[in-house]
Amino acid sequence: MDESGLLSALRLADSFLPVGSYTISYGFESFAEEGRVETGEDLRELLSDYLYGQVGPCDMVALSAAHCAARQGDVDRLARVDDRLHATLLAREFRESSLTSGKRLLDVVADEHAFVDRYAERVGDEARGHYPTVLGVVSATKGVSEYDARLVCGYAFVTGLLGAAQRLLRLGHTEIQRILHDLFPVIESVERESADRDLEQLRSCTPLIDVQGMRHERAERRLFVS
């Protein structure tokens, strides 16, 4: 990866990127409200479950397929990636959050690359525009390798949920950073597991997280949109 690709990877992993990650908890708010997650250790274990059950086998696999399709200039395949990902996300708020973040990322990078714009023109018609798909397309066109793009995906997901946890739990900045550091090997592990999987192997297995996401949809008071 050259300097331009590295800078693009840093940009895509930065919480400063306005894709709405600060509004998303992917059901974590329900865990916190019910007292299922109270300590840093609880949080570390739950985020590992997210990574092994959802981010690696689902988001990273979709990202890799989209990255490959973008390198080959295959917009039709991107629509198939979107459809497979959409069918895998069971909770309505999870699907909506992914679509919203994908649309915002496309808005951020509008007019920066012709192929991204071609895909964006199809979103809402033949393609859906899920965030992992968009992240794969943008990464490929910015010179970020599949490997680095998968790490960006895992890192951005974890930091987003750690930000949510800091607002919902009594955890300080130092402890949050320790949890992030402890999860680096997990991110690397799920990246390795997802690297050789193709689109047909895309899956998700997070039953309790899905249930908590569905409970969040019916909560009377909510800080986050998911």
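The sulfur of C205 lies 12 Å from the closest cysteine sulfur, which belongs to C58, and this is too far for a bond; a disulfide is a pair of cysteine sulfur atoms within 2.5 Å. C205 counts as exposed because its relative accessibility is 54%, where buried means under 20% relative accessible area, exposed over 50%, and partly exposed in between, with a 1.4 Å probe and protein chains only. A search of the whole structure finds zero disulfides. C68 is likewise in no disulfide, the nearest cysteine sulfur being that of C153, 17 Å away, and C68 counts as partly exposed at 22% relative accessibility.

This is a predicted model, in which local features need pLDDT of at least 70 and side-chain atom pairs count only at pLDDT 80 or more, while totals for chains, interfaces and linings use all residues. Residues are numbered from 1 along each chain as its sequence is written, and side-chain values use heavy atoms, with hydrogens and water left out.

Turning to charged side chains, the search of the whole structure finds 16 salt bridges, each a side-chain nitrogen of Lys or Arg within 4 Å of a carboxyl oxygen of Asp or Glu. The table gives some of them.

| Salt bridge | N to O distance |
|---|---|
| E34 and R36 | 2.9 Å |
| R71 and E146 | 2.9 Å |
| E126 and R122 | 2.6 Å |

R71, E146, R150 and E191 are linked in a network of salt bridges. E126 is partly exposed, with a relative accessible area of 41%, and R122 is also partly exposed, at 22%.
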